[in-house]
Amino acid sequence: MRKQIAAANWKMNLNLQQAIELTNQLVNSDIHLNEEHQVLLAVPFPYLLTVKEMTDNVLGMSVCAQNMASTKNGAFTGEVSGEMLRGMNIEFVIIGHSERREYFHENNDILASKVKLALEYGIKPVFCCGEPLDIRESNEQNSFVEIQLKESLFHLTDNQMKNFIIAYEPIWAIGTGKTATSDQAQEMHAHIRAVIANKYGKEIAETVSILYGGSVKATNAKDIFSKPDVDGGLVGGASLVADEFINIIKSLQ
Ligand code: PEP
């Protein structure tokens, strides 16, 4: 049974006091996570340890980094390495978010290195993929996403691909209020699972959690998460509001 996951992506938002307040609200909420559920809080680097300490005793809740460097160490001012994250016992990292791809020019090759390094350090990637609007409008989204997966993930071993996390985030739906319909999400998630099954076999593909991201809110989460190949969501804006995110967590299957 693969995990059903609600992942919050705070991006570069909240001051420290607000971050602590939001974490407190989540920790003290009435959500009961079972073994099949996982909540990830992808918080800015400076808050990782604080939020980790606050959530360490909450079953199924973990912190997640939003990015990591593509090289092991060296003269890369401002970068944060996998070794540093591992040293803080951070278990998850988002890799390949469309904002990293667009504003920081991270291409499929760079992301392939990041994924490999993260796994070498025992950190589980939440690998993001997804197409821009023009690709969706020309109905080429399946081959676009397939290339992203092939170029950034297909160097991984069978073992590394087991229990992997992928987030499908159509770029046209991120922060725009425009959500893919639950049928559009299901169609792409089934395609992603088929692409993985082709390379790694059906059994491994069935263990991969595929999250949907793009304007997920408390009002649409249940419908989107009800689809068989949608295993939860990666949530930006709505994860900054405690009640919204708590209701999204409660919408997990
Ligand atoms: C995201 O940042 O990954 C995201 C999906 O943002 P939003 O939920 O705000 O669209």
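**View 1. H97 reaches the ligand through its side chain.** An N or O atom in the side chain of H97 sits 2.9 Å from an oxygen atom of the ligand, a polar contact (a pair of N or O atoms within 3.5 Å). This is a predicted model, where local features need pLDDT of at least 70, side-chain atom pairs count only at pLDDT 80 or more, and totals for chains, interfaces and linings use all residues. Residues are numbered from 1 along each chain as its sequence is written, and side-chain values use heavy atoms, with hydrogens and water left out.

View 2. The side chain of K11 has an N or O atom 2.6 Å from a ligand oxygen. S215 uses its backbone instead: an N or O atom there is 2.8 Å from an oxygen atom of the ligand. Taken alone, the ligand would expose 290 Å², and the protein buries 95% of that (Shrake-Rupley method, 1.4 Å probe).

**View 3. Here is the shell around the ligand.** Of its 14 residues, K11, E169, G175, S215 and G236 come nearest (near means a heavy atom within 4 Å). The shell splits into four nonpolar, eight polar and two charged residues, with Gly counted as polar.

View 4. The disulfide count is zero.

Methods. Polar contact = N/O pair within 3.5 Å; in protein donor to acceptor, adjacent residues only side chain to side chain. Disulfide = S-S within 2.5 Å.
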